[in-house]
Amino acid sequence: MMLAADIAPAVDIVGALAAAATTRLGAAGIETARLDAEVLLAQACGIDRTTLYASWRRAVPGGCRARFDALLTRRLAREPLQYIVGRQEFWSLDFAVSSAVLIPRPETELLIELVLRVLARTSGLLPDARSLAKGPCSLRLCDVGTGSGCIAVALAHELADATVWAFDLSAAALTVAASNVQRHHVAERVHLVHSDLFAAAGDLCFDAIVSNPPYIRSDALGRLQPELAWEPTHALDGGASGLDVIERLVTQSPPRLRPGGWLIMEIGADQGDAVEQLAHAAGFRAVSIAPDYAGHPRALVARKA
Ligand SMILES: C[S@@+](CC[C@H](N)C(=O)[O-])C[C@H]1O[C@@H](n2cnc3c(N)ncnc32)[C@H](O)[C@@H]1O
């Protein structure tokens, strides 16, 4: 008996189609060509990659080819894979993403590790600090510039007694964050607030402020990989020096922290010295710059006296 796979043109066999797409993506300068081709083909067929491999020698099901061509065209235009498939993993959790938000980056997971580390180290102090708070006795954390909500959700996921206030200037980003807060069942403990830094924070004070602010110099934006052009400018652009939002955030944070509270903020690899100076000038003590796994300066860790 002749199977559909035997009579289909070679290019419509799953493996052949993936290989042809890999070649096109590679020729367009996409380093992850093979992975991208497979992810897009699986997406077009409505299956996962394991099932795709199991179907490698079979004919592509009807309708998939047209969907795959449309997805491939988007990727060839250098639209990020994550926007095309609508998701990205962060801290082993699955997040919805759209072009309204920065795609969560693996290096930002360092902020979660640092928060967990400093809170564990100072946990003896936190009950005193907590007792200053009105209302329920819980850790109060703040994520400034929440974007997809990845930091706020990851922290709420890790710290069952924490309440997180997540601020963002972009209403469209907060809509995406809201879907992620719902998806991960932390809506009762993550409050999303439309705010320029702390402008809408009322009289709230926090045990820790966490942020991955925009910190790329405006003149460097056009020189970076083409995919960055698809991400929101307000999520990346740190002004002429790269430090516009960082400087405001460091200066405004001390009054928003309880005594002994922490500011933990992602920075660019060349911003360590400048940010350390800003933190000292703002009155922080125990200021340090934490490296990422590649050894590059990556995060400010500063403690209020
Ligand atoms: C680099 S993205 C970080 C997004 C997310 N936290 C992450 O790590 O993937 C910076 C975010 O800060 C927001 N933002 C920029 N300026 C802001 C401001 N003045 N106040 C509040 N949010 C701001 C942007 O809209 C964007 O969502």
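These legends go with a set of close-up views of one predicted model.

Because this is a prediction, local features are given where pLDDT is at least 70, side-chain atom pairs count only at pLDDT 80 or more, and totals for chains, interfaces and linings use all residues. Residue numbers start from 1 along each chain as its sequence is written.

**Figure 1. The whole protein, to get your bearings.** The protein has 13 helices and 9 strands; these are DSSP runs (H or I over at least four residues for helices, E over at least two for strands), numbered from the N terminus. Its C-alpha atoms fill a box of roughly 80 × 40 × 35 Å along the principal axes. Of the 305 residues, 38% count as buried (buried means 20 or more other C-beta atoms within 10 Å of the residue's own, exposed means 12 or fewer, partly exposed is in between, and C-beta atoms are placed from the backbone). Among contacts with a separation of 6 or more, 64% link residues 24 or more positions apart; two residues are in contact if their C-beta atoms, placed from the backbone, lie within 7 Å.

**Figure 2. The largest nonpolar core.** A nonpolar core here is a set of buried Ala, Val, Leu, Ile, Met, Phe, Trp, Tyr and Cys residues joined through C-beta atoms within 7 Å. The largest one has 61 residues, and L155, L263, I264 and L300 touch the most other members. Helix α9 (residues 150–158) is the top contributor, with 7 residues. With 7 of its 9 residues buried, α9 is largely enclosed by the rest of the structure. Leaving out residues up to four places away in sequence, I264 touches L111, L114, V115, A208, V210, A299, L300 and V301.

**Figure 3. Helix α3 against helix α5.** The axes of α3 (residues 33–45) and α5 (residues 64–76) come within 8 Å and cross at roughly 140°. Axes are lines fitted to C-alpha atoms, for helices over the stretch in contact, with angles from 0 to 180 degrees between N-to-C directions. The pair is therefore oblique (under 35 degrees is roughly parallel, over 145 roughly antiparallel, 65 to 115 roughly perpendicular, and the rest oblique). On the α3 side look for D36, L40, L41, Q43, A44 and C45, which meet C64, R67, F68, L71, L72 and R75 in α5. By class, that contact has 8 nonpolar, 1 polar and 3 charged residues (Ala, Val, Leu, Ile, Met, Phe, Trp, Tyr, Cys and Pro are nonpolar, Asp, Glu, Lys and Arg charged, and the others, Gly among them, polar).

**Figure 4. Helix α2 against helix α5.** Here α2 (residues 14–27) packs on α5 at about 20°, with the axes 11 Å apart. That makes α2 roughly parallel to α5. L17, A21, R24 and L25 in α2 meet F68, L72, R75 and L76 in α5. This contact divides into 6 nonpolar, no polar and 2 charged residues.

**Figure 5. G238 in its loop.** G238 sits between α11 (233–236) and α12 (244–252), and is buried, with 22 other C-beta atoms within 10 Å. Beyond its neighbours within four places in sequence, G238 contacts P214, Y215, I216, R217, L243, D244, V245 and I246.

**Figure 6. L197, another loop residue.** L197 is found between β5 (190–194) and β6 (206–211). With 19 other C-beta atoms within 10 Å, L197 is partly exposed. Setting aside neighbours within four places in sequence, L197 contacts V144, F167, R248, L249 and Q252.
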